[in-house]
Amino acid sequence: GARYQGETDESNNVAALGIEIAAPDLQVSNVIAPATAALGESIPVSWTVTSANEAANADWYDHVYLSTDATFDAGDTRLSTVWVGAHTPLSAAGSYTETRNVTLPATGSGTRWLFVLADGSRDQGESNETNNTASAQVTLQAPDLSVQRVPVPTALISAQEVQVSYRVDNA
């Protein structure tokens with residue numbers, strides 16, 4: 001900047017002092033979901049978030065994702081976004097537990113993982129952003145429909161109305 005005061009020694013006008021800035025570390029644990037669920041079903045998912053070392057003062061959103069593998073990544077499908085401002089500020093070593101119903105997509109059965117990402121929108125500054133997820137495994141089951149008992153008359157006349165009864169079973 002501009003120098004308005006003439007001095008005999010301009011080299012001693014700056015000093016530095018090291019400071020440590022502490023930040024919270026949000027961690028997710030205890031993700032609970034049903035072990036099995038049907039495609040398209042709405043299921044409850046619960047989780048606990050703890051501020052490990054410092055108070056977390058900002059408001060943030062937790063996100064719930066569905067993954068086809070045990071690794072959380074950008075290809076996973078977000079199922080829910082949960083504002084947790086009612087729990088903030090979260091004290092040092094404080095925690096909260098949330099439960100939300102999420103609707104599972106009707107796309108593919110098999111083993112899946114439900115990931116919870118604390119502060120998914122990165123609203124709360126943290127000392128460690130790499131430990132904000134935890135998961136629960138769920139097996140998605142698709143229905144297996146089969147038609148049973150379709151008796152059809154053996155002789156019909158053109159344009160004749162016919163009553164057909166049948167039964168559908170879900171194996």
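**View A. Arginine 122, at a relative accessible area of 41%, is partly exposed.** Relative accessible area is computed with a 1.4 Å probe on protein chains only; buried means under 20%, exposed over 50%, and partly exposed in between. The model is predicted, so local features need pLDDT of at least 70 and side-chain atom pairs count only at pLDDT 80 or more, whereas totals for chains, interfaces and linings use all residues. Residues are numbered from 1 along each chain as its sequence is written, and side-chain values use heavy atoms, with hydrogens and water left out. Arginine 122 is placed in the loop between β7 and β8. Strands are DSSP runs of E with at least two residues, helices are runs of H or I with at least four, and both are numbered from the N terminus. Phi of arginine 122 is near 60°, a positive value in a residue other than glycine. Most residues other than glycine have a negative phi.

**View B. Arginine 122 and glutamate 129 form a salt bridge.** The closest N and O atoms of this pair are 3.0 Å apart. A salt bridge requires a side-chain nitrogen of Lys or Arg within 4 Å of a carboxyl oxygen of Asp or Glu. Glutamate 129 is partly exposed, its relative accessibility being 28%. By this rule there are two salt bridges.

**View C. Arginine 100 and glutamate 98 meet through their side chains in a salt bridge.** The N to O distance is 2.7 Å. Glutamate 98 is buried at 8% relative accessibility, whereas arginine 100 is partly exposed at 32%. Side chains of opposite charge can pair when their charged atoms come close.

**View D. Strands β1, β3 and β6 form an open antiparallel sheet in the order β1-β3-β6.** Two strands count as paired if DSSP finds at least two bridges between them. The edge strands, each pairing on one side only, are β1 (26-32) and β6 (95-103). From one strand to the next the twist averages 25°; axes are lines fitted to C-alpha atoms, with angles taken from 0 to 180 degrees between N-to-C directions. Five bridges join β1 to β3 (residues 42-51) in the antiparallel sense. Isoleucine 32 stands opposite serine 46 in β3. Asparagine 30 is found in strand β1, and its phi, near 55°, is positive although the residue is not glycine.

**View E. The largest nonpolar core comprises 25 residues.** Such a core is a set of buried Ala, Val, Leu, Ile, Met, Phe, Trp, Tyr and Cys residues joined through side-chain atoms within 4.5 Å. The residues with the most contacts inside this core are Val28, Val31, Val45, Trp47 and Leu114. Two or more core residues come from each of β1, β3, β4 (61-67), β6, β7 (110-117) and β8 (133-141). Valine 45 is in contact with Val31, Ile32, Ala33, Glu98, Thr99, Arg100, Val102, Leu114 and Val116, leaving aside its neighbours within four places in sequence. Contact means heavy atoms within 4.5 Å.

**View F. Serine 51, in strand β3, is buried at a relative accessible area of 0%.** Not counting residues up to four places away in sequence, serine 51 touches residues including Pro24, Asp25, Leu26, Ala56 and Leu90. Ser91, Ala92, Ala93 and Gly94 are also among the residues that serine 51 touches.

**View G. Threonine 88 and proline 89 are joined by a cis peptide bond.** Omega of this bond is near 0°. Proline 89 lies in the loop between β5 (77-83) and β6. Most peptide bonds are trans.

**View H. Tyrosine 166 is exposed, with a relative accessible area of 57%.** Tyrosine 166 is found in the loop between β9 (145-148) and β10 (167-170). Leaving out residues up to four places away in sequence, tyrosine 166 touches Val147, Gln148, Arg149 and Val150. Tyrosine 166 and serine 29 are 137 residues apart in sequence, with a C-alpha to C-alpha separation of 49 Å in space.

**Context for the views. The protein chain has zero helices and 10 strands.** The radius of gyration of the chain is 29 Å, well over the 16 Å that the globule rule gives for 171 residues, so the chain is more spread out than a compact globule. This radius is taken over C-alpha atoms, and the globule rule is 2.2 Å times the number of residues to the power 0.38. Along its principal axes the C-alpha trace spans about 120 × 35 × 30 Å. Of the 171 residues in the chain, 28% are buried. Among contacts with a separation of 6 or more, 69% link residues 24 or more positions apart.
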